[in-house]
Amino acid sequence: TPSSTATVRTQINGQLFHVNFTEGQLVNKGDLLAVIDPRPYEAALSQAQGQLLQAQAQLKEAQIDLERYVTLSAQDSISKQQVDAQKALVSQFEGMTKTDQAAVDNAQLNLTYCHITAPFPGRVGLRQIDQGNYVTTGDANGLVVLTQVDPITVIFSLAEDNIPAVVKQIRSGTAIKVDAYNRTGTAKLASGTLTSIDNTV
């Protein structure tokens, strides 16, 4: 049984621009598996950055005016009401700046999601969708199934009479060595240690 199995899915909608793996290939964590067309998300990022710059400029202008109004108010040249109104305007632009910054961050995140990477090392299975197709976050089959095969887990049955002795060693903290053989018992496949037993025993 693989240590981990994951159906690799897209986190955004878009055209599958490039498939970067071969079926059955071993991949490392972080390896690029596929690319979603990034152009719509690049445009969205540019638009969000433009709105942020505009909000920052409005905020800076409002802050400069507020400083001027505070000075004039101290000289009794303008009313306190004008100063309060300008403070409210500064707060409004601060809120707009934070909202636009969040939009930029979200657009950058979506652009990152255009590059689909392996969440852990393992072997990729059969490709579930071909390059050129439009993929969505709701696709049930995903792009490919990734299974971690090193290390791998072996699940096996044990005679009921032997279980008490095994449990006793596990509770004492003793490592129990296990050898895995092929079906015919003629070739040793691997060696390891017993990690746990089923909690229903």
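Predicted model: local features only at pLDDT ≥ 70, side-chain atom pairs only at ≥ 80, totals over all residues.
Local features need pLDDT of at least 70, side-chain atom pairs count only at pLDDT 80 or more, and totals for chains, interfaces and linings use all residues. Residues are numbered from 1 along each chain as its sequence is written, and side-chain values use heavy atoms, without hydrogens and water.

Start with strand S2, residues 14-19. Strands (E, at least two residues) and helices (H or I, at least four) are DSSP runs, numbered from the N terminus. Two strands pair if DSSP finds at least two bridges between them. S2 pairs with S4 (residues 32-36) in the antiparallel sense, over three bridges. Here His 18 has Val 35 as its bridge partner. S2 also pairs with S7 (residues 134-135), again antiparallel, over two bridges. There Gly 14 partners Val 135.

Now look at the largest nonpolar core, which has 20 residues. Such a core is a set of buried Ala, Val, Leu, Ile, Met, Phe, Trp, Tyr and Cys residues joined through side-chain atoms within 4.5 Å. Buried means under 20% relative accessible area, exposed over 50% (1.4 Å probe, protein chains only). Leu 16, Leu 33, Ile 36, Val 124 and Leu 146 touch the most other members. S2, S4 and S8 (144-152) each supply at least two residues of this core. S4 gives the most, with three. Another core, of seven residues, lies apart, with Leu 66 and Phe 93 among them.

Finish at helix H3, residues 163-172. Ile 163, Val 166 and Val 167 are buried. They lie on the same side of H3, because they cover an arc of only 100 degrees around the axis, taken from the directions from the helix axis to the C-beta atoms. The face turned away from that buried side carries exposed Pro 164, Lys 168 and Ser 172. Just after H3, Gly 173 takes a positive phi of about 85 degrees.
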